[in-house]
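I opened my notebook to look up charged side-chain pairs. My entries follow the structure below.

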Amino acid sequence: AQKITQTQPGMFVQEKEAVTLDCTYDTSDQSYGLFWYKQPSSGEMIFLIYQGSYDEQNATEGRYSLNFQKARKSANLVISASQLGDSAMYFCAMRGSHTGRRALTFGSGTRLQVQP
Amino acid sequence: EAQVTQNPRYLITVTGKKLTVTCSQNMNHEYMSWYRQDPGLGLRQIYYSMNVEVTDKGDVPEGYKVSRKEKRNFPLILESPSPNQTSLYFCASSLVPLGTGLLSTDTQYFGPGTRLTVL
């Protein structure tokens, strides 16, 4: 079974500062993928960044980077230079290489509020 | 523009009145899936499809049906909706089925969501 844990229900950050959203995972698969999604108040799920378990470098996408520590089973999202538009729910998710249902497993999410 | 579309975006209906939520993607993706999102329960998979005419149950398939007659479309059918199916529904697609080894190509892209209320 796979499990994603996001221990921060809510986070506050000042505009233009960096923020780290925590994610730990548990899986017995050797090969897996980790994803972060953003869900603004309008409801849609927006893909942000992907990290493969065998990728040697941490993934980056613009202001988003993924701090991947395989031995600790953590995949924290770092948002640099926060903007007001970053206020949203953020979900960490994973899929394993042997997931029969081919489903993503999601964490419970972290609500980020960016303050001016 | 590459996207996953869902219709309707909002729907209020009554118990027992059959409804269909449509999902379409224009990215030639093989894999499509339906999730529902409920407070405290997160996102749970309802059904998925590996390709045309290939569908299978997810975590919570009871009360739902799907079909995949064309690659781009994956409608979700509620034959007799009940109040416990009130939820936010997402359709998602990816180029290849998750876990088929092509790690960089199985990112799932989500539609905008459908807010369904069953009275």
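Does D38(B) count as buried or exposed? I looked up its relative accessibility and got 10%. That lies under the 20% cut-off, so D38(B) counts as buried. I kept in mind that this is a predicted model.

Next I checked the partners of D38(B). I found a salt bridge between the side chains of R36(B) and D38(B), at 2.8 Å from N to O. R36(B) is buried, and so is D38(B).

I then turned to R44(B). R44(B) also forms a salt bridge with D38(B), and their closest N and O atoms are 2.9 Å apart. I read a relative accessible area of 22% for R44(B), so I noted this residue as partly exposed.

I moved on to another pair. The side chains of E79(B) and K65(B) meet in a salt bridge, with 3.0 Å from N to O. Where do the two residues lie? I placed E79(B) in the loop between β8 (76-78) and β9 (87-94) of chain B. I placed K65(B) in strand β7 (residues 65-66) of chain B. The pair therefore ties together parts that are 14 residues apart in sequence.

E79(B) has a relative accessible area of 36% and is partly exposed. K65(B), at 41% relative accessibility, also counts as partly exposed.

Which residues are linked with this pair in a network? I found K18(B), K65(B) and E79(B) linked by salt bridges.

Last, I searched the whole structure. The search gave 6 salt bridges over all chains.

How values were computed. Residues numbered from 1 in each chain as written. Chains lettered and ligands numbered in written order. Predicted model: local features only at pLDDT ≥ 70, side-chain atom pairs only at ≥ 80, totals over all residues. Heavy atoms only, no water. Salt bridge = Lys/Arg side-chain N within 4 Å of Asp/Glu carboxyl O. Buried < 20%, exposed > 50% of the residue type's maximum accessible area, 1.4 Å probe, protein only. Helix = DSSP H or I, 4+ residues; strand = E, 2+ residues; numbered from the N terminus.
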